[in-house]
Amino acid sequence: MTLKVYLSGEIHTDWREQIVAGAKGLDVEFSSPVTDHAASDDCGVAILGAEDQKFWHDHKGAKVNAIRTRKAIAEADVVVVRFGDQYKQWNAAFDAGYAAALGKSLVVLHGSSHAHALKEVDAAALAVAEEPRQVVDILRYVLTGKLPG
């Protein structure tokens, strides 16, 4: 059984690389948003033309990025959403809600300091992990039935 896993959320740490490396040898296909922050922010105006107002600049980029995000979440078996320690990450919360609305298996990844702020997001998840290693352990268990250790 191949699992298609979409890795959504913060882009400032190497959590995606940790999960991909830890899942080596498992039957998993990973996808993610564009993690080049500048490219993600500027894709709309780079492709569709400049905007004088920042709102429309961001609006174009968000819509172009949504093409990739919607397709990847729709095709995923599992959606992992990481909330990092910095920034508000409203897009990650939106992705989690979208995945939950589509009935996707949702795994939320964040530190204990976000537990209260993300209680509704966590309630929609099938698992709430604090470390990328735990996400790998979930994927391994789902695919093989083997527990860590």
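The lining of the largest pocket, sorted by class, has 13 nonpolar, 11 polar and 8 charged residues. In this sorting Ala, Val, Leu, Ile, Met, Phe, Trp, Tyr, Cys and Pro count as nonpolar, Asp, Glu, Lys and Arg as charged, and the others, Gly among them, as polar. Before we go on, please note that this is a predicted model, where local features need pLDDT of at least 70 and side-chain atom pairs count only at pLDDT 80 or more, while totals for chains, interfaces and linings use all residues. Residues are numbered from 1 along each chain as its sequence is written, and side-chain values use heavy atoms, with hydrogens and water left out.

What is meant by a pocket here? On a 1 Å grid over the protein atoms alone, a pocket is an open set of points where a 1.4 Å probe fits, with protein on both sides within 12 Å along at least five of seven lines, and lining residues have an atom within 4 Å of a point. Rolling a probe the size of a water molecule over the atoms shows where empty space is left. The volume of the largest pocket is about 980 Å³, a volume being the space filled by probe spheres set on the points, with grid points joined across faces, edges and corners. Among the 32 residues that line the largest pocket, Ser 40, Ala 62, Asn 65, Asn 91 and Ala 92 are the closest to its centre.

Helices (H or I, at least four residues) and strands (E, at least two) are DSSP runs, numbered from the N terminus. H3 gives the largest share of this lining, 13 residues.

Now look at the second largest pocket, which holds about 160 Å³ of space. Its lining includes Lys 4, Val 5 and Tyr 6, and also Arg 68, Lys 71 and Glu 75. Here E1, strand E2 (28-31) and H3 each supply at least two lining residues, and the largest share, 4 residues, comes from H3. By class, the lining of the second largest pocket has 5 nonpolar, 2 polar and 5 charged residues.

Let us turn to the strands. Five strands form an open sheet in the order E2-E1-E3-E4-E5, with parallel pairing; two strands pair if DSSP finds at least two bridges between them. E2 and strand E5 (127-129) each have a single partner strand and stand at the edges, so one side of each is left without a neighbour in the sheet. On average, neighbouring strands of this sheet are turned by 25° against each other, direction ignored; axes for such angles are lines fitted to C-alpha atoms, for helices over the stretch in contact, and angles run from 0 to 180 degrees between N-to-C directions.

E1 and E2 pair in the parallel sense over 4 bridges, and Tyr 6 has Ser 31 in E2 as its bridge partner. Tyr 6 and Val 78 are 72 residues apart in sequence, yet their C-alpha atoms are 6.4 Å apart in space. Val 78 lies in strand E3 (residues 78-83). Is Val 78 buried or exposed? Val 78 is buried, with a relative accessible area of 10%, where buried means under 20% relative accessible area, exposed over 50%, and partly exposed in between (1.4 Å probe, protein chains only). Asp 77, in the loop between H3 and E3, is partly exposed at 34%. The C-alpha atoms of Asp 77 and Thr 35 are 42 residues apart along the chain and separated by 21 Å.

Finally, consider the charges. Side chains of opposite charge can pair when their charged atoms come close. A salt bridge is a side-chain nitrogen of Lys or Arg within 4 Å of a carboxyl oxygen of Asp or Glu, and by this rule there are 7 salt bridges. One of them joins Lys 60 and Glu 51, at 2.8 Å from N to O; Lys 60 is buried, with a relative accessible area of 16%, whereas Glu 51 is partly exposed at 31%. Another joins Lys 119 and Glu 120 at 3.7 Å, with Lys 119 partly exposed at 41% and Glu 120 exposed at 52%. Asp 137 forms a salt bridge with Arg 133, the closest N and O atoms being 3.8 Å apart. Both lie in helix H6 (residues 132-144), 4 residues apart, about one turn of the helix. Arg 133, Asp 137 and Arg 140 are linked in a network of salt bridges.
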